[in-house]
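Let me put the structure up, and then I'll talk you through it.

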Amino acid sequence: MRRKLAALMLAVVAAAGLVACSSSKDDANVLKVGTEGTYSPFSYQDNGSLTGYDVDVIKAVGDKIGKKVEFTQAPWDSLFAALESKRVDLIANQVTVNDARQQKYSLSQPYTVSEGVIVTKTGNDGIHTLADLNGMTCAQSETSNWAQVAKTAGCKVEAIPGFVEATQLLKTGRADATVNDTLAVNAYTKAQGTGTIQIVGKTGETSKQAFAARKDSQALTDQINKAIDELRADGTLAKISDKYFGTDVSK
C-alpha cells in the first residue's frame, strides 16, 4: 500500500512539473499587469468585472503586441513592489512621468495628459492654491506623484490607499484637502454628485501618465510604444478616451 501511495505521489509531482513547465511557456504570451481596480474611471469594478480607461487601453495594446493581458489588483502603494519582485510585468494605473521614475523604471510614452487640482470638503473657503496647503493635512496615496506635490507645498500627508478613501477623510474632517488628477476628480463628482467635495484650485502643472515596466524590460516598452503609436493613428485611443471622458485625453 505504501509503495502504491508513493508511486501515486510521484506521478502527481511529475504531472505538476509538466503543468508548471507548460505554464512557464505560456507566460511568454501573457502580459501580467498590475492595477488598483479602485481608481475610477481608470481602473475599477463594474458589476464584478474590472474595467476602466487604463484597462481598455492596455488590453488594446496587448492585442497589438500579441499578448494576453492578465491583471493583478493591488493598492497603489504595493504596485511598484509587485513590479520590482516580478509578480507583474507592467503597471497600468496612471503612473505620472517624473525624473525619479524615469531613472528607476522603463516608462512608455504617455497615453494620458491631464492637470492636477486641489480638492476640499464643500464649504471649505480657506484653501485656493498650493500655498494655502502649508501646515494643512492632505489625504494622499503616499508614493503617488500627487503626494509629493502636497508635501512640497508644506502639507502633512495622511496616507490612504486611494482617492475614494481621500474623499472620506475630507468628509469627516480628518483631512483638509487632497491633490489629485482632474480627470479622476471629475469622474467621481459626476458619479457621486458635487454636494460633498469641491475643486478649489489647480496645481498649475500638466502631468503625463505612462505604463511602467522594469529597467530590464526595454524591449517590452519598445513594443508598447509602437502599439500606442498605432492605436493613436487608427483612432482607438481617441475612441476609448471618448467612452470614459467625452473627450480625447490621450494627447
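Predicted model: local features only at pLDDT ≥ 70, side-chain atom pairs only at ≥ 80, totals over all residues.

Residues are numbered from 1 along each chain as its sequence is written, and side-chain values use heavy atoms, with hydrogens and water left out.

Okay, the overview. The chain has nine helices and twelve strands; those are DSSP runs numbered from the N terminus, H or I of at least four residues for helices and E of at least two for strands. Of its 251 residues, 46% count as buried, where buried is under 20% relative accessible area, exposed is over 50% and partly exposed is in between, with a 1.4 Å probe and protein chains only.

Now, the core. A nonpolar core here is a set of buried Ala, Val, Leu, Ile, Met, Phe, Trp, Tyr and Cys residues joined through side-chain atoms within 4.5 Å. The largest one holds 40 residues, and those touching the most other members are Leu31, Tyr53, Val57, Ile58, Val61, Leu90 and Phe211. Helix α2, residues 53–65, gives the most to it, with six residues.

So what does Ile58 contact, leaving aside its neighbours within four places in sequence? Leu31, Val33, Val69, Phe71, Leu90, Ala92 and Phe211, with contact meaning heavy atoms within 4.5 Å.

Next, what packs on α2? One partner is α8, residues 218–233: the angle is about 105 degrees and the axes are 9 Å apart. Axes are lines fitted to C-alpha atoms, for helices over the stretch in contact, and angles run from 0 to 180 degrees between N-to-C directions. That makes α2 and α8 roughly perpendicular, which covers 65 to 115 degrees; under 35 is roughly parallel, over 145 roughly antiparallel and the rest oblique. On the α2 side you have Val57, Ala60, Val61, Lys64 and Ile65, and among the α8 residues they meet are Leu220 and Ile224.

Then there's α9, residues 236–245, whose axis comes within 10 Å of that of α2 and crosses at roughly 160 degrees. So α2 is roughly antiparallel to α9.

Last, Pro161, which sits in the loop between β10 (156–159) and α6 (163–172).
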